[in-house]
Amino acid sequence: MRRIRIVIADRHPIVLQGIRSVLAMQRDFTVVASCNDGASCIEAIRFLAPDIALVDPTLPDLSREQILGPAKAASPGAPIIFFAGTTGDHELQSLALDGGCILLPRDAHPELLVETLRKAAQGQAVISPITEQVSEELRADDEPLTQLTDRERQIVQLVSEGLSNKAIGRRLNLADGTIKVHLHHIFQKLDISNRTVLAAIALSRNELQAAPREPNPLDLLHQDPVGVK
């Protein structure tokens, strides 16, 4: 059985030890590098080409963007999961919105950590864990996804499938900027802040079964003036 090769990076040794202990209990995981700074993390990703990297977004020597850029260049197929301490980090949410990373709260249960890593490494759609408060708000909200336009619902469907903004743009023949504008409008209508919540809504309500089929590309010229110059 081929094991999922993981690089982990965190500035707290006790966290690294805890993650290693959790993953050591899984037969399909192997930690190929354990790092406590950004430079070592990037070097490990570059030379070891892991299947996935679990990274502390507060590493002292590199910013999140400085970690993502070289990591994606060194190992384009390896998802980057930021082990975030709070769901209120707008910078991280923005990076996740662009499809550049996956967010996982540091208070996630070990079972959820393992499940998220496994799905991400296998290329499956990953829904970042959402707080109980947000989940309760979603359940209490009577407004379904039907308040969105047909184009917006198509984009929600593709987000729930785990596609990045670039992949969605290619699928719908739209520019990245146009996808971002649509997502911004979707977030406003649903009163949410990031794509992980959006995917959770889509999957939990199963509203996307009635989503329209992809239209003829010629129709897109008339339906999507936003971002077209």
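View 1. Strands β3 and β4 (residues 80-84) run parallel and are joined by 3 bridges. Two strands count as paired if DSSP finds at least two bridges between them; strands (E, at least two residues) are DSSP runs, numbered from the N terminus.

**View 2. The two faces of β3.** Strand β3 covers residues 52-55. I52 and L54 lie on one side, A53 and V55 on the other, and all are buried (under 20% relative accessible area, 1.4 Å probe, protein chains only).

**View 3. β1 beside β3.** Strand β1 (residues 4-9) pairs with β3 in the parallel sense over 4 bridges. Within this pairing, I6 stands opposite I52.

**View 4. β4 and its pairing with β5.** In β4, 5 of its 5 residues are buried. I80, F82 and A84 point one way from the strand, while I81 and F83 point the other way. Strand β5 (residues 102-105) runs parallel to β4, with 4 bridges between them. The bridge partner of I81 in β5 is I102.

**Notes to all views.** In this predicted model, local features need pLDDT of at least 70 and side-chain atom pairs count only at pLDDT 80 or more, whereas totals for chains, interfaces and linings use all residues. Residues are numbered from 1 along each chain as its sequence is written, and side-chain values use heavy atoms, with hydrogens and water left out.

Conventions. Buried means under 20% relative accessible area, exposed over 50%, partly exposed in between (1.4 Å probe, protein chains only).
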